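User: I'm new to this one. Please pick a single part and walk me through it closely.

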Amino acid sequence: MKQQAIPYKIYLDEAEMPKAWYNLRADMKNKPAPLLNPGTLQPMTAQELSGVFCEELVQQELDNDTPYFEIPEEIRSFYRMYRPSPLVRAYCLEEKLQTPAKIYYKFEGNNTSGSHKLNSAIAQAYYAKKQGLKGVTTETGAGQWGTALSMACAYLGLDCKVYMVKCSYEQKPFRREVMRTYGASVTPSPSMETEVGRKILAEHPGTTGSLGCAISEAVEKAVTSEGYRYVLGSVLNQVLLHQSVIGLETKAALDKYGVVPDIIIGCAGGGSNLGGLIAPFMGEKLRGERDYRIIAVEPASCPSFTRGKYAYDFCDTGMVCPLAKMYTLGSGFIPAPNHAGGLRYHGMSSILSQLYADGLMEARSVKQTDVFAAAEMFARVEGILPAPESSHAIRAAIDEAIKCKETGEEKTIVFGLTGTGYFDMYAYEAYHEGTMQNYIPTDEEIQATLDKLPKVE
């Protein structure tokens, strides 16, 4: 039987959209380690977490056994505005590289927020509204998460307070104005608005901030403001759960044409898009049904997987959040102000960290100029200007396709194109002008923050 021709873009019908999120933890033999109370070093209870997070989100966060969570109809209705998102066959990139590899990318930038972050933003805002809250607080690095959450809150009539990493706040003025257009307040972090922000500024005068700093401020604001809860755009189990819609759609689209990937690639900062993309594929791998090679790609300037330590650490710089067991550079690690703002987090999702520790996935770090070289090539042949974060996955996909050219292997590569880079033109300008720097932390710099990890037996 002749194989059906594969179109440039594979769309699912609306009726084929996932009706439930997939909880990868249900198939993990070694479950991710629990969040710990920093005072008692005991696992956080639902009651303790509900002072910070929405109640239903707490249940999702702690559930290691339920394989599927039904997506509420209100959320599915919102998803229909931009989902299903396309799975694209990168024919033009394949031709440019002259590779026998077949390359696909799942494009999550086809919504106003410009990234995959909206998948979890609308879910978290929905549960906050359902609980009767006034609003939510959050942090944002590159600005995609803050933009997505401000959109979701505007849609549902919730207040939204965003603490934006200072270097991104300054580098991306238009991104912050989009958030303000949707009604959010946006504060550069660290700031003088919070006690923890003032403390960080006193200890690190002139700092450009980090996601860890912004998280501390957002959590403090939430717990000191009546009717507010904190929401997070990555790292947490609940976020990877919501983002599984990416992988479920990807697998359904591939299955339509009988395509089985050999390699699945995603950029990795906190882990939301990577965890979402690989979820159903990793589930098959865990159940022994099929094997895949899965690659996490992170910036060389913030290499938590490749140079970090697997240990319990604070999720934030101000040390007000629970402890999570993850690959970490230390909560006090403040990365260089590179332009992949969404990948500037000191740690990695506990789910992905456990999978990596178990040898079920690979990780590599790449330099920023190499990332932008890949971004430029991709833009010229595929017609989409990719976000710097997404371009880490593009870099690895190109490298793997070139290996196929050298060996003659006809492998199928799938990667996540998490968003567009139209608010990242200062970064593209720096690359084109030759002023972009490849900062790579020294072993001594990393060890200095690792030496301050909390002592957990």
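Analyst: Two residues are in contact when heavy atoms lie within 4.5 Å. This is a predicted model, where local features need pLDDT of at least 70, side-chain atom pairs count only at pLDDT 80 or more, and totals for chains, interfaces and linings use all residues. Residues are numbered from 1 along each chain as its sequence is written, and side-chain values use heavy atoms, leaving out hydrogens and water.

Let's look at the open sheet. Its four strands are ordered β8-β7-β6-β9 and pair in parallel (strands are DSSP E runs of at least two residues, helices H or I runs of at least four, both numbered from the N terminus; a pair takes at least two DSSP bridges). At the edges stand β8 (185-189) and β9 (228-230), and since each has a single partner strand, one side of each is left without a neighbour in the sheet. From one strand to the next, the twist averages 20 degrees (axes are lines fitted to C-alpha atoms, for helices over the stretch in contact, with angles from 0 to 180 degrees between N-to-C directions).

Now zoom in on β6, residues 135-140: three bridges join β6 to β9, and the two run parallel. One of the residues involved is V136, whose bridge partner in β9 is R229.

Helices pack here too. Helix α6 (residues 144-156) lies across β6 and β7 (159-165), at about 165 degrees to β6. Then there's helix α8, residues 173-181, which packs on the sheet and touches β6, β7 and β8. The direction of α8 makes about 170 degrees with that of β7.

Setting aside neighbours within four places in sequence, L360 is in contact with M282, K285, L286 and L355.
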